[in-house]
Each structure stands twice: as C-alpha cells, then as structure tokens.
Amino acid sequence: MHLETAFITRPPSSSTLRGSRAHSCAKHDSVVKVVLRERASSPIFLRNRLKYALTGREVTLIVKQRLVAVDNKVRTDETYPAGFMDVISIEKSGEHFRLLYDIKGRFAIHRITAEEATYKLLKVKKVQLGAKGVPFIVTHDGRTIRYPDPLIKVNDTIKFDLVENKIVDHVKFEAGNLVMATGGRNMGRSGVIVHRERHLGGFDIVRIRDVLDREFATRIGNVFVTGQGNKAWVSLPKGKGVKLSIAEERDQRRKIKEKNSA
C-alpha cells in the first residue's frame, strides 16, 4: 500500500450524519462540558412549547433581534442549548421561564416572576485547587467560580445571582433538605432526603420521601438539592414533583372535569 492512500479517510456515511432531533438542534460548538441530551435549544421552547414561532426560520428571526436571554445574557444563536435550572427571559413581553422537569421526566417551561428570574440554583460537581493554589468550584452547567465559601462541598447547591454574577447562599447536601431527581426512573420527582447509603466502589444511593410519604431511591448523581428543609428556593411546575399512580391521575382528571362542567 502506498503512503498516499494509507491515510485517506472515508467520508461519513448518511447514517452517521443523521442524528436525533435534539442533537441536530444543538451544535457542539455552543456547549462545553455538558451532555447534549440534557439540553433544549431555542426552537424547542419558542416553536414547540411557547408557540411564538411556526417555523425554524421564525425562531432565527426572533433570536437575531436580541429578544431572548438565557441566564441574563442575550443569545443570538438559535441552537444555543439551555438546560436544567436555566432562566429564559423574553424582555419584549416581560416573561420569564425556568427550565425544570415535570413528574414525567420531561422538560417543563415553568413561568416565574421577575424577582425569581434574577437567580438560579447550581449543583457543585467539583471542588479543586487551581494554579497558584486558587480554589474553585465547577457547577452542573459548566461554570467555574473562583474563591468560593470553604464550606461548599461536592453535591451541595449554591444560589447564584445572575445580575451580579456571584454566590448569594448555599445549602448542604444532607438529610432533611428538599431535593429533585434529575435522572433515572424517578426523574422530576421531588422530596426530602431521608438517608444516604454509601457503597464503596459503587454508586451511593439516596433515599427520598415525598409529601405523600412515598419513598423512592436513586443514585447520588441524580439528586439536586432545591431548598433548605421543606422550603423550596425555586417554585416548582405543575404537580410539585409528586408522582401519582394511574388511578390517582384518572380521579384527578374526573374532578377537574366535574368542576368545569358544574
């Protein structure tokens, strides 16, 4: 084999170029250290959820007018991926939304007040010392924050001010605090930490109890602290993170139907 042909690479096949809808909407250039399947781009919430646009071209026209801000920063890239706890603001209509999960584990565009839109919650993924001994933390959305409070540890949650770009408060990952499951089969459910099981060489398991006294368990990586004690720091979407059985959902729908017909 000649050297000229030894290093020729084959063009990607059509199957390689085809991707899922979420992957085609979010460019790899727009995201750093985040998983694409956990993100939603502008066409998803402007066209599919909020119905402000009918086509992808209309979404592009909206964002190019600098009308949409994510985490208090105007984003003109229609493929910019927004994720869990991100705040989406539309200044012209005065609307603010927070991306959360509903009880089915789907992204919920939750409407919030202007006051609540000034901050977001961040889960601490890493606590390290950088160059010249400078301490820093890395959060779930890829932020690097230098000189944090020494009491902040991995899995804790910080309250981050989006206007002044600084940490306002933090809450520890410990029993009795309110959490939300952000992965696994219980994704979107909310409750209070009951117990943490440590498994050396494996995944730590966290047991959580919701307001209906139903317990469920998930990996520690899927747990996001959302409040101190029973008090949530952010408002929750419809259902308040309480998962109902099929029969309970049916009864709930019947009550609403009877109420509306009366």
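1. Arginine 214 and glutamate 248 form a salt bridge, with their closest N and O atoms 2.5 Å apart. This pair links distant parts of the chain, 34 residues apart. Arginine 214 sits in the loop between β15 and β16 (215-219), and glutamate 248 sits in helix α6 (residues 246-261). Arginine 214 is partly exposed, at 30% relative accessible area. Glutamate 248 is partly exposed too, at 27%. Keep in mind that the model is predicted.

2. Arginine 207 and glutamate 197 also meet in a salt bridge, 2.8 Å from N to O. Here two strands are linked: arginine 207 belongs to β15 (residues 205-209) and glutamate 197 to β14 (residues 190-197). The two residues are 10 apart in the chain. Arginine 207 has a relative accessible area of 32%, so it counts as partly exposed.

3. Aspartate 141 forms a salt bridge with lysine 120, and their closest N and O atoms are 3.0 Å apart. Aspartate 141 lies in the loop between β9 (135-139) and β10 (144-146), while lysine 120 lies in strand β8 (residues 119-129), so the pair ties together parts 21 residues apart in sequence. Both aspartate 141 and lysine 120 are buried.

4. Now the wider picture. Asp71, Asp86, Lys120, Asp141 and Arg143 are linked in a network of salt bridges. The whole structure has 17 salt bridges.

5. The largest pocket holds about 410 Å³ of space. It is lined by 13 residues, and Ile103, Lys238, Gly239, Leu244 and Gln252 are the closest to its centre. The lining has six charged, five nonpolar and two polar residues.

Definitions and conventions: Residues numbered from 1 in each chain as written. Predicted model: local features only at pLDDT ≥ 70, side-chain atom pairs only at ≥ 80, totals over all residues. Heavy atoms only, no water. 1 Å grid on protein atoms, 1.4 Å probe; cavity = no way out; pocket = protein on both sides within 12 Å on 5 of 7 lines; lining within 4 Å. Points joined across faces, edges and corners; volume = space filled by probe spheres on them. Nonpolar A, V, L, I, M, F, W, Y, C, P; charged D, E, K, R; others polar. Salt bridge = Lys/Arg side-chain N within 4 Å of Asp/Glu carboxyl O. Helix = DSSP H or I, 4+ residues; strand = E, 2+ residues; numbered from the N terminus. Buried < 20%, exposed > 50% of the residue type's maximum accessible area, 1.4 Å probe, protein only.
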